[in-house]
Structures are given as C-alpha cells and as structure tokens.
Amino acid sequence: MTAKRVGSLHTRQPTATLGVPPIDRLPSELLLLIMKENLYEHVEVSDLSECRIERVMFDRRLSQVCRRWRTLTLACSELWSIVPHVNSHPKWTKACISRCSCGPIDIVVPKGTIWKDRRVQKTIWLALPHLARARRLDLHLGTGAYNVDASDEGALGSVSSSNM
C-alpha cells in the first residue's frame with residue numbers, strides 16, 4: 001500500500017458520522033459521567049494550602065441543549081438530588097424532588113440565604129418531608145435564621161418523627 005493510500009484511510013470517516021459533531025458521537029454513559037463531574041467544585045480553604053470538594057447544584061441548562069441531553073438528564077436522578085433551590089421559584093424544588101423521587105438527596109441551604117424571605121421558607125418546607133432520604137444536610141444559619149414561621153403550611157407538622 002502506498003503512503004498516499006494509507007494517509008487517505010486515516011482521514012476518511014464513515015458516512016454515518018459525517019456532519020455529526022464529536023460530542024454527539026459520545027456514548028450516553030460517558031456524557032452522563034461528564035455531567036456528573038460538573039456537580040463537584042474545588043473550593044480553596046482560606047490559607048490556600050488545602051482544597052475541599054463541594055457538591056453544587058446541577059446546571060439545568062444542560063438539560064435544554066437537545067432532546068438527547070434532556071432524556072439523559074431526566075433519567076439520571078443524581079443530577080437533581082440537591083434541594084431546596086432557595087434562589088429559585090419553589091416549583092423548581094418540586095421538580096427536582098420529583099426527578100429524584102426515590103434516591104438520596106442533599107439538603108443544602110447556602111451561605112447568604114435570607115431566611116426571612118417567604119419564598120425561601122416555602123422552598124425549604126418542600127424539602128423537609130424528604131429528610132429521611134438526606135445523605136447530607138448542609139444548612140448555613142444566618143442572623144435571620146430563627147425567624148422561620150413554623151406555622152406556615154403546617155411545616156413542622158408535615159415532618160413526622162419517623163422521618164427525623
């Protein structure tokens with residue numbers, strides 16, 4: 001075989017993949033692995049000599065890239081397992097809980113959360129009935145943390161002692 005012929009073999013692609021972007025040729029398992037890797041962020045500790053890994057909320061925009069990505073992300077409950085979403089509408093927390101209906105969840109209320117905000121309170125109350133499934137409970141209590149209205153929607157009453 002001549003060098004010219006060998007070179008043309010390396011540049012020729014199967015006709016089925018012509019025009020298909022490389023990312024669309026990735027196997028679903030690898031694509032999900034990349035998305036799951038996006039759930040972790042390296043956070044430097046104050047003296048810069050240490051670094052800790054922190055779990056962050058899934059960027060839901062990835063589920064809106066195309067039909068294939070939407071199908072993959074909706075089928076992977078791990079991507080939706082951080083609740084509540086205190087900076088979003090309570091409907092978003094409900095959606096995440098329904099997409100991660102039986103798996104473990106991480107209940108996270110980040111630093112800077114304004115606990116007095118009624119929308120924040122409602123969002124937190126949505127996560128409480130799922131406390132028994134919590135793999136992690138990360139609550140940052142600020143100065144207004146103790147002003148949560150416990151009578152709102154029977155919040156504490158909705159969490160039975162068997163869930164705690």
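Helices here are DSSP runs of H or I with at least four residues, strands are E runs of at least two, and both are numbered from the N terminus. Read that way along the sequence, the chain goes α-α-β-β-α-β-α-β-α-β, which comes to 5 helices and 5 strands. The model is a predicted one, so to speak of local features takes pLDDT of at least 70 and to count side-chain atom pairs takes pLDDT 80 or more, while totals for chains, interfaces and linings use all residues. Residues are numbered from 1 along each chain as its sequence is written, and side-chain values use heavy atoms, with hydrogens and water left out.

On to the chain as a whole. Of its 164 residues, 32% count as buried, where buried means under 20% relative accessible area, exposed means over 50%, and partly exposed is in between (1.4 Å probe, protein chains only). The chain exposes about 10,800 Å², and carbon and sulfur atoms supply 57% of that; the areas come from the Shrake-Rupley method with a 1.4 Å probe, and for residues only the protein chains shown count as cover. Contact means heavy atoms within 4.5 Å. Among contacts between residues at least 6 apart in sequence, 63% join residues at least 24 apart.

Next, the interior. A nonpolar core is a set of buried Ala, Val, Leu, Ile, Met, Phe, Trp, Tyr and Cys residues joined through side-chain atoms within 4.5 Å. The largest one has 21 residues, and Leu32, Met35, Phe58, Leu79, Trp80 and Val83 have the most contacts inside it. Two or more residues each come from H2, helix H3 (67–75), helix H4 (90–99) and strand E4 (105–109), with H4 giving the most, 4 residues. Apart from this core lies another, of 5 residues, including Val86, Trp115, Val120 and Ile124.

Not counting residues up to four places away in sequence, Thr93 touches Val83, Pro84, His85, Thr123 and Leu126.

As for the cysteines, a disulfide is a pair of cysteine sulfur atoms within 2.5 Å, and by this rule the count is 0. Cysteine 100 is in no disulfide, the nearest cysteine sulfur being that of cysteine 102, 7.3 Å away. Cysteine 100 counts as buried because its relative accessibility is 1%, whereas cysteine 102 counts as exposed, at 70%.

Last comes the surface. Leu30, Leu33 and Ile34 make a nonpolar patch of about 270 Å². Patches are made of residues with over 30% relative accessible area and no salt bridge, joining like charges within 9 Å and nonpolar side chains (Val, Leu, Ile, Met, Phe, Trp, Tyr) within 5 Å; a salt bridge is a side-chain nitrogen of Lys or Arg within 4 Å of a carboxyl oxygen of Asp or Glu. Isoleucine 34 lies in helix H2 (residues 28–37) and counts as partly exposed because its relative accessibility is 46%.
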